[in-house]
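Here is a short briefing to read alongside the sequence and the model. Take a look at both first, and then we can walk through the folds, the charge pairs and a few backbone details.

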Amino acid sequence: MEIKVLGPGCQKCHETEKVVREALADSGVAANVMKVSDFQEIAMLGVFATPAVVIDGQVKVSGKVPTKKDVLAWISK
Amino acid sequence: MSKSCCSSSKQRMILACSGGSNVGQATNQAAVELTREGFGKMYCLVGIGAGLQGFVQSARDVEEMVVLDGCPVGCAKAILDREGISPGRYVVATALGIEKVKDPQLIVREEDVQRIKDAAREGAGAASPDSARAATASCGCSGKA
């Protein structure tokens with residue numbers, strides 16, 4: 001599983017990455033987590049606002065920090 | 001890039017039909033100007049229409065949306081309806097008294113653009129200077145970098 005946390009590196013981007021990593025730790029799911037700050041790559045994904053989370057190429061959330069429950073639901077599918 | 005990140009403004013997505021008529025082009029110009037003025041950020045309606053997943057998800061997640069259609073055909077709204085997304089504030093240029101005319105030059109009148117902009121702003125709250133700064137990389141930060 002590949003998880004991308006999109007954002008330029010602000011507080012909410014860091015919070016998002018933390019939530020994602022906590023969810024992975026809790027679930028035991030193995031995933032490669034990458035931070036993406038490149039505007040071109042973010043734009044190619046069609047993301048309107050960051051922070052955003054992309055799992056295996058699917059944008060799961062845009063413009064807000066997800067809850068751990070959200071992330072657990074996404075990675076368990 | 002992080003300088004353009006932490007905006008205290010509300011995320012407001014602006015979608016224009018940008019159609020091939022004077023009123024469609026007037027919505028496009030209104031969306032461009034509203035973006036430049038910091039009212040919100042114009043976004044790619046065609047990406048949503050194409051069903052591109054990231055665009056559709058972004059439209060679902062946005063805090064506030066303003067949709068500008070040129071005429072009652074309502075193409076912009078129909079795209080959102082198909083995705084089950086509520087348009088939020090909805091403006092139709094012809095409903096504002098702007099006439100749709102057969103004009104191969106697609107002349108856009110400044111007064112028409114202004115009328116559409118006024119309707120988009122009506123009841124939508126004040127513009128934030130931060131949102132213009134964040135127009136190319138808006139994020140959900142509350143300014144607490």
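A salt bridge here is a side-chain nitrogen of Lys or Arg within 4 Å of a carboxyl oxygen of Asp or Glu. By that rule, the structure holds 13 salt bridges over all chains. This is a predicted model, in which local features need pLDDT of at least 70 and side-chain atom pairs count only at pLDDT 80 or more, while totals for chains, interfaces and linings use all residues. Residues are numbered from 1 along each chain as its sequence is written, chains are lettered from A and ligands numbered from 1 in the order in which they are written, and side-chain values use heavy atoms, with hydrogens and water left out.

**Chain A: fold and overall form**

- Chain A contains three helices and four strands, where helices (H or I, at least four residues) and strands (E, at least two) are DSSP runs numbered from the N terminus.
- Starting at the N terminus, the order of elements in chain A is β-α-β-α-β-β-α.
- Chain A is as compact as a globular protein of its length, because its radius of gyration of 11 Å is close to the 11 Å that the globule rule gives for 77 residues. The radius is taken over C-alpha atoms, and the rule is 2.2 Å times the number of residues to the power 0.38.
- Along the principal axes, the C-alpha atoms of chain A fill a box of roughly 30 × 25 × 15 Å.
- In chain A, 45% of the 77 residues count as buried. Buried means under 20% relative accessible area, exposed over 50%, and partly exposed in between (1.4 Å probe, protein chains only).
- Of the chain A contacts between residues at least 6 apart in sequence, 63% join residues at least 24 apart; a contact means heavy atoms within 4.5 Å.

**Chain B: fold and overall form**

- Chain B comes to six helices and four strands.
- Along the sequence, these elements follow the pattern β-α-β-α-α-β-α-β-α-α.
- Buried residues make up 50% of the 145 residues in chain B.
- For chain B contacts with a separation of 6 or more, 70% are between residues 24 or more positions apart.
- Chain B exposes about 6900 Å², with 51% of it supplied by carbon and sulfur atoms.

**Charges and salt bridges**

- Side chains of opposite charge can pair when their charged atoms come close.
- Chain A carries 10 positive and 9 negative side chains, and the centres of the two sets lie 6 Å apart. For this count, Lys and Arg are positive and Asp and Glu negative, with His and the chain ends not counted; each charge is placed at NZ of Lys, CZ of Arg, CG of Asp or CD of Glu.
- Glu41(A) and Lys4(A) form a salt bridge, at 2.9 Å from N to O. Glu41(A) lies in helix H2 (residues 39–44) and Lys4(A) in strand E1 (residues 2–6) of chain A, so the pair ties together parts that are 37 residues apart in sequence.
- Within that pair, Glu41(A) is partly exposed at 29% relative accessibility, whereas Lys4(A) is buried at 17%.
- Arg21(A) pairs with Glu17(A), the closest N and O atoms being 3.0 Å apart. Both lie in helix H1 (residues 11–27) of chain A, four residues apart, which is about one turn of the helix.
- Here Arg21(A) is partly exposed, at 42% relative accessible area, and Glu17(A) is buried, at 13%.
- In chain B, Arg109(B) forms a salt bridge with Glu111(B), with 3.3 Å between the closest N and O atoms. Arg109(B) is partly exposed at 42% relative accessibility, and Glu111(B) is partly exposed at 43%.
- A network of salt bridges links Glu33(B), Glu37(B), Lys117(B) and Arg121(B).

**Backbone details to look up**

- The peptide bond from Thr50(A) to Pro51(A) is cis, with omega near 5°. Pro51(A) sits in the loop between H2 and strand E3 (52–55) of chain A.
- Ser18(B) is not a glycine, yet it has a positive phi of about 50°. Ser18(B) is in the loop between strand E1 (12–16) and helix H1 (22–36) of chain B, and it is partly exposed at 27% relative accessibility.
- Leu106(B), also not a glycine, has a positive phi of about 50°. Leu106(B) lies in the loop between strand E4 (89–92) and helix H5 (110–121) of chain B and is partly exposed, with a relative accessible area of 32%.

Technical notes: Accessible areas come from the Shrake-Rupley method with a 1.4 Å probe; for residues, only the protein chains shown count as cover.
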